[in-house]
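I opened my notebook to look up helices, sheets and cores. Here is what I worked from.

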Amino acid sequence: MRILLVTGPGGAGRTTVAAATALAAAGNGARVLLLSGDPGDPLAALVGGPAGEPVEAAPGLAAVPASGVLVARVDSGEEFRAELVALQERGSALLGMVGARPLGAEELTELPGAEQFALLRALRRAAAAPAVDLVVVDLPPLHQAVATLALPAQLRRYLARLLPAERQAARALRPVLAQLAGVPMPAQWLYEAAARWDEELAAVQAVVEAGTTSLHVVAEPGPGSDAALRTGLLGLALEQLPVSAVVANRMVPQGSPDPWLAGLAAQQEKYAAQWAGAEWAGAGPAGDVPVLPLGHLGRDPAGPDDLTRLEGARGLVPQAAGDSRARREWAVEDRLADDGVLVWVVPLPGARKQDLDLVRRGDELLLAAGPYRRIVPLPSVLRRCTVSGAALADGVLRIRFTPDPDLWPRRA
């Protein structure tokens, strides 16, 4: 199975592109599942509306057949209520001890961020769908999509810090430790819940980072979307999420006698050419990431017939092989012999020096690039070094590390 994630700056037409891609793949004979977290079922309307009774595409994931495509919408409110009720049931003993009254499912209203959790859980289920060849996921707008895709790794780090698994081995000593500390120790159910969450998050993270997962970023060529695109792609680069293609949406045909349309077409071609020559999200050298043009109907598409008329829609479908980009690890260059340092090479295309910040904290490095932040563990060889400097050139941040004499092996 292949998975295609579709996102882009707000208003760029990512939902239309996701629907057009799904229909084109279904037209090629693929069994397609189209997944979205947007309310109102805009995807079902685009691909033709529900044409049958809901079916179970994967355990816990209902979908409706529409124009040869299974369309599933994530109900984040239902996901939130079910998860919180289950959590209350597991902690019922503790809630009873403190006199708390459990909340009923009917009185729960989802909190901000519940949409991202629900979409990630649905993505995991979709990846296990037994009779599907391609899953197309209509992600939130680009800035939110970066945060959503980074969420599993971030939460796993928080869980490991707050409830480290090795502490479970001391559960026999908890009564003694509770008396010494004067506070109750975390209950076993809390560790079990953390282990379950970590397992689910690891499964989602594996899907996002898999070699069979592709990421298409949709943008309408122009000055406004160019700035938003470059900022969002910087966030993807910081998270080491490679881009498979940039979709230049709503391309106006060339050669119009109308001066306004001719000027718009020339502007679009200019930005599309710039994107074709750029290095996106550390995916490879300039030009390695294709720019896929998608035509303009002169109006918003209103159904499957309109989507099939979009020029270039068939080129959006991921191929059986070669259309995804492998996640690139940040290399460590050995310059000990020449300069006495090790250099960590971090590709950050589009980054500006004034927007970068880095802080060493123990065995981790906090990296900030524009509005994005990420904490990454240092490679083992760099943990025995001190940060001695950093430089940004040609979209690549090079961080220099000097071996710590007290930690570095001494030669005889």
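How many bridges join strand β2 to strand β6? I found five, between β2 (residues 32-36) and β6 (residues 134-138), and the two strands run parallel. V32 stands opposite L134 in β6. Strands here are DSSP E runs of at least two residues, helices are H or I runs of at least four, and both are numbered from the N terminus.

I noted the source next. This is a predicted model, where local features need pLDDT of at least 70, side-chain atom pairs count only at pLDDT 80 or more, and totals for chains, interfaces and linings use all residues. Residues are numbered from 1 along each chain as its sequence is written, and side-chain values use heavy atoms, with hydrogens and water left out.

I then traced the sheet. Nine strands form an open sheet with mixed pairing, in the order β3-β4-β5-β2-β6-β1-β7-β8-β9. Strands pair if DSSP finds at least two bridges between them. The edge strands, β3 (55-58) and β9 (291-295), each pair on one side only.

I turned to helix α1 (residues 14-27). I counted 14 residues. Just after α1, G29 takes a positive phi of about 100°.

The core has 72 residues, and L33, L35, V137, L236, W344 and L367 touch the most other members. Helix α6 (residues 142-162) gives the largest share, seven residues.

Methods. Expected span 1.5 Å × (residues − 1). Core = buried A, V, L, I, M, F, W, Y, C linked by side-chain atoms within 4.5 Å. Buried < 20%, exposed > 50% of the residue type's maximum accessible area, 1.4 Å probe, protein only.
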